[in-house]
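Welcome! Take a moment to look over the structure below, and then we will walk through a sheet and an interface together.

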Amino acid sequence: MTANEAKETQMAETKTMDRLASIAAGEIVETRIHPELAEEESILDISDFNLWYGEKQALFDVSMTLPRGKVTALIGPSGCGKSTLLRSVNRMNDLIDTVRIDGSMNLGEGNIYGPGVDVIELRRRMGMVFQKSNPFPMSIFDNVTYPLQINGERNKSVLRDVCEKALRGAALWDEVSDRLQESALGMSGGQQQRLCIARAIAAEPEVLLMDEPCSALDPIATTRVEELILSLRGEYTVLIVTHNMQQASRVSDYTAFMYLGQVLEYGPTARMFTNPLLQETEDYITGRFG
Amino acid sequence: MNRNAQQSGTGSFTGQRFSRKPRKSVLFTDTLARRLITASGIGSIIAVSLVGLFLVWVVLPLFTPTGLEEVSESVQSTGAASADSAVPSMVHQAMDDYGSLVWSLHADGTILVHEVDGGKLLARRIVRPGVSVTAVKASGHQGRVLLGYADGTMQTVKVGFDVSYHNDSDLPDTFASLSVGERASHEQGLVERTPEHQLRLSRLTIQADEPVSLGTDPIVLIDGSETSGGLVVAALDAAGVLFDRQLRWRKNLLTGELRVRSTGSDLRLEDLRASRGTPVALVLNDAGDRLLLAEIDGTTSVLRRDGEGEYAAVAAVDLVPDPNAKLTALAFIAGRVSLAVGDDQGGLSVWFPVRETPTSQPRLQRVHELDEHHGVVTALASSGRSRLLLAGYRDGKIRLYHVTSHRFLGEADLEQGPIVAAAISPREDLILAANRERNALFHLDAPHPDISFSALLRPVWYEGYPGPVYAWQSSAATDTFEPKLSLVPLIYGTLKATFYSMLFGLPLALLAALYTSEFLHRRTRSRIKPVIETMASLPSVVLGFLAALVMAPFVERVLVQVLAVLFCAPFFLLLGAHLWQMLPRRSLTRLEPWRPLAVLIALVAGMWCSWQWAGPLEQIGFAGDVKLWLDGQIGSGITGWFVLLLAPAALLVGWWNTIQGEVLIRGRGPGWIRWQLGMLDLGRFLASTAATIVLALFAAWMLSSSGWDPRGSMMDTYVQRNALVVGFAMGFAVIPIIYSIAEDALSAVPDHLRAASLGAGATPWQTAFKVVVPPAMSGLFSAGMIGLGRAVGETMIVLMAAGNTPIMEMNIFNGFRTLSANLAVELPEAVQNSTHYRTLFLAALTLFIMTFLLNTIAEVVRQHFRRKSSQL
């Protein structure tokens with residue numbers, strides 16, 4: 001590395017740091033959205049979405065669309081609002097008393113935050129997978145068919161079909177098909193997480209939300225879940241939050257980079273990882289800050 | 001770098017050098033703490049065990065076997081072997097209160113006085129020398145002896161002991177050397193040094209009245225009974241004439257002499273009864289209104305004697321149903337109501353008059369059977385203060401029974417000759433049994449003869465009761481009263497109190513816990529929980545006081561309103577909730593903080609309506625007067641069933657609703673707007689309410705028309721202090737503890753499960769019931785068990801508000817007595833180490849075991865739950 005190059009790098013870093021500092025100070029920057037996204041059919045349209053936890057604002061003017069049938073990853077340093085944004089999509093943030101929002105999110109035709117929206121119904125249109133696997137303390141079968149059971153589905157054969165389909169979808173069928181009536185708590189961590197995915201896809205959701213689904217898993221289990229996500233592409237629209245750059249690059253079609261509640265850049269994963277528009281994105285991806 | 005750092009050499013990062021060995025003080029504190037904690041832990045375990053052990057230690061003597069041991073050196077000779085070889089067979093004997101003297105009555109009317117210890121003869125009297133005695137009856141406990149003579153006369157003799165206390169100077173010097181408890185004979189009496197260092201002189205007094213002439217033939221059977229109108233005597237002579245005499249004593253004011261006056265009539269026996277057999281026994285009962293004439297085969301005529309001395313046969317019973325057996329012994333036991341019957345096959349039974357219904361005539365019934373020994377019963381003796389019955393046999397055996405508890409207490413063998421007379425000392429510590437050769441003394445150690453597991457836990461047939469009962473009645477005013485110490489009514493009362501308080505408290509506490517943990521704002525929860533837990537610190541005596549003096553009279557006055565509010569309040573709450581959800585979303589958000597106020601308004605509206613409707617409801621449902629209705633005097637049982645079935649019907653309809661009705665609403669989600677859905681839901685609710693009422697009414701009508709009336713079981717005559725009041729008050733006492741534990745259990749369910757469920761599109765209610773409650777179930781169970789334990793042990797509330805009547809009725813409007821309240825009421829009055837005292841300790845032990853078991857189950861379940869929930 002020549003001295004010049006080193007200086008350039010240093011200057012770039014300084015510049016980046018300056019910008020990051022100004023964002024931290026409250027500057028609202030425009031999201032750099034890659035043109036490829038305009039060609040995709042959008043399923044979820046987020047526009048000028050703001051969210052406050054009490055007095056503290058967590059999301060600033062988030063505007064982005066989610067392409068149908070694709071996997072979109074949300075990356076960014078801790079506390080940047082990835083999970084908040086994800087949880088805003090199925091209104092899980094409603095459970096927190098102090099949350100206040102502004103802006104709109106449109107799923108298909110309807111505004112998620114519109115008046116008269118049935119939150120329960122909204123959540124049924126989306127599946128959610130959490131950071132920590134959270135199977136219910138019931139049998140594997142009941143776990144997978146839970147979304148149908150709470151909707152009043154009592155037909156055993158329907159439930160059995162859905163269970164098998166979901167478990168096959170989650171690449172779990174071969175492992176558990178002979179012990180569906182056993183407690184889900186007896187499964188391994190990776191199996192439990194795939195079970196949660198099976199549960200999430202059992203009700204055929206329009207959008208699958210995944211909040212760091214592999215952060216509590218070992219590498220082999222992670223690989224399996226990642227393979228699963230890849231296999232879901234096309235059939236489901238997936239929004240995934242991850243801390244793991246490699247994972248984002250492996251599983252996602254599109255990646256959004258968030259920083260302190262703002263989406264800085266949003267584009268195809270390949271371009272985001274090789275040739276981002278913003279220096280900050282590159283710096284983050286290459287690990288210069290985070 | 002400083003010097004220290006340099007000295008530390010390489011490898012020191014901070015430049016400081018630390019000792020690797022822990023300091024002495026650290027080690028000391030560690031050891032001290034470990035020892036102290038160990039000691040305290042073991043100490044507390046020991047303390048609790050000691051409480052249990054102490055209870056067991058006090059209770060255990062209740063169940064120790066009876067000791068019946070012959071005192072070998074105390075044998076007196078009787079009859080032929082004695083110096084008084086002329087004295088014929090003994091027919092009766094009795095001891096004084098101190099067990100020091102015994103008098104015996106012999107067939108010829110001779111009365112002998114012996115010292116009990118050593119058997120020295122102290123005095124001898126022949127009541128009426130020269131005339132031969134043909135009939136003898138002695139009721140040992142009153143000292144009254146009736147003698148019938150060959151010349152057709154009878155005589156009453158009062159035998160007693162004259163006891164006087166003296167100082168050393170009053171009596172000859174020979175007694176000065178007596179130490180405490182030592183005895184010496186003096187002038188046909190006995191001197192004993194009392195623990196107070198006085199000398200007690202006991203002497204036999206015999207007060208023989210002048211003979212009363214009855215007829216000319218020898219008297220063969222005689223008996224008498226002390227009544228308010230004097231001594232009633234019935235005597236039968238050899239010619240078959242029954243003499244009825246009423247004897248009154250009149251004191252001559254000048255001489256101080258007692259003169260006896262007799263009135264009465266002479267009756268022919270064959271006019272009185274159907275049987276023609278020869279009577280071998282004649283007994284007159286305590287009230288002097290029933291005369292029993294028994295024949296050798298047991299056939300017995302029961303004659304009723306009215307106040308004027310007129311007799312009429314009322315019944316004939318066979319006291320010895322075994323056709324091969326012959327009646328050999330017949331005697332009243334203490335109280336002269338129960339009759340002990342012995343036969344030559346060893347059959348020993350106790351009979352007493354039983355009224356089958358309160359209005360029917362009493363009928364003599366064989367109530368207790370004590371036959372275990374096969375021998376001829378030759379003598380019967382009973383204790384003056386309890387139901388001990390001593391049977392002597394021809395083979396020389398004596399056997400001791402407790403009649404009421406059917407308990408066989410022990411036996412002894414005199415080896416030769418039939419037992420002719422036996423006696424139990426007034427203190428029940430000595431037994432004398434005489435055959436023709438000797439009079440043997442036994443030490444009796446039976447402090448609690450009436451207690452056995454079956455007497456405590458099985459129904460017992462007490463004298464005068466129409467059948468075996470569970471009864472607790474530890475004391476009464478009369479001497480012949482027998483304590484009834486069945487623990488069952490108390491356990492029943494405890495369970496009843498627990499049941500009704502849990503019925504009220506458990507759902508309320510669990511639902512409150514569910515509401516606070518699942519539906520309430522976190523901030524409100526953190527405020528509400530301590531408030532409810534503070535309820536637990538309210539002294540239960542205050543609750544009991546309020547329940548007894550405020551609530552009980554109030555509930556009695558407004559019973560219909562109270563019953564109505566149980567149904568009106570939930571209805572109005574639900575109605576309010578349905579109206580609330582019809583509000584537009586915008587105003588809903590604004591009104592959210594006022595929701596508790598709305599709940600309050602709904603509650604008040606419910607109360608107000610039940611208040612307003614109570615009058616008409618009472619008219620329609622309870623024929624205008626709910627108390628008379630509960631008594632069963634007016635109206636039909638249909639309202640009762642309706643009240644009982646309304647809640648199950650509501651549950652049933654609600655259950656059906658969730659299965660079918662929900663689909664109706666859910667399916668319309670997108671198309672309908674909010675208020676339309678609200679209207680639909682409201683309509684569904686009103687329809688469900690109507691369906692509930694119709695269902696309950698229909699079921700009530702069905703049950704009632706098939707002849708079942710709820711009055712008599714769950715509801716019956718109203719008593720002011722009752723299970724309903726206790727249920728409210730004690731429910732209030734158990735709510736905090738159940739609530740607190742249940743809330744903890746529910747909160748312990750990890751949030752990620754809730755998130756998963758909500759994320760899958762479940763409603764909060766579905767989440768609570770399908771995801772939160774199942775893993776918390778064991779915690780909820782343990783909360784219930786600990787609440788149960790609290791309710792079982794609760795004392796003050798039940799003591800003050802339950803009426804403390806030890807009756808066994810499920811009637812919610814009647815009182816009861818719990819183990820704990822019973823202890824509080826009776827333990828201060830129980831004589832230490834008495835049967836009553838030890839039984840109360842047994843009640844305490846029962847309570848201890850009950851709460852111990854409940855808490856242990858709760859703890860085991862909780863541990864299980866903890867292990868299970870650690871997987872979540």
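Which strands of chain A does helix H2 lie across? This is a predicted model, and in it helix H2 (residues 82-89) of chain A lies across S4, S7, S8, S9 and S10 of chain A. The helix runs at about 150 degrees to S8(A).

Those strands belong to an open sheet of 7 strands in chain A, in the order S1-S11-S10-S4-S9-S8-S7, with mixed pairing. At its edges are strand S1 (32-33) and strand S7 (126-129) of chain A, each of which pairs on one side only. In general, strands of a sheet pair through backbone hydrogen bonds, either parallel or antiparallel. Within this sheet, strand S4 (residues 71-75) and strand S9 (residues 237-241) of chain A run parallel and are joined by 4 bridges. To find one of the partners, look at A:Leu74, whose bridge partner in S9(A) is A:Val241.

Now let us turn to where the two chains meet. Here, 24 residues of chain B are in contact with 25 residues of chain A. Some values for this interface are listed below.

| Chain B with chain A | Value |
|---|---|
| Buried area | about 2200 Å² |
| Share of that area from carbon and sulfur atoms | 60% |
| Salt bridges | 0 salt bridges |
| Polar contacts (both at pLDDT 80 or more) | 6 residue pairs |

On the chain B side, helix H15 (751-759) and helix H16 (764-793) are the elements that give two or more residues. H15(B) provides the largest share, 7 residues. By type, the chain B residues touching chain A divide into 11 nonpolar, 9 polar and 4 charged.

Key: Residues are numbered from 1 along each chain as its sequence is written. Chains are lettered from A and ligands numbered from 1 in the order in which they are written. This is a predicted model: local features need pLDDT of at least 70, side-chain atom pairs count only at pLDDT 80 or more; totals for chains, interfaces and linings use all residues. Side-chain values use heavy atoms; hydrogens and water are left out. Two strands pair if DSSP finds at least two bridges between them. Contact means heavy atoms within 4.5 Å. Axes are lines fitted to C-alpha atoms, for helices over the stretch in contact, and angles run from 0 to 180 degrees between N-to-C directions. Buried area is the accessible area (1.4 Å probe) that two parts lose on being put together, summed over both. A salt bridge is a side-chain nitrogen of Lys or Arg within 4 Å of a carboxyl oxygen of Asp or Glu. A polar contact is a pair of N or O atoms within 3.5 Å; within protein, one must be able to donate a hydrogen and the other to accept it, and residues adjacent in sequence count only if both atoms are side-chain atoms. Ala, Val, Leu, Ile, Met, Phe, Trp, Tyr, Cys and Pro count as nonpolar, Asp, Glu, Lys and Arg as charged, and the others, Gly among them, as polar.
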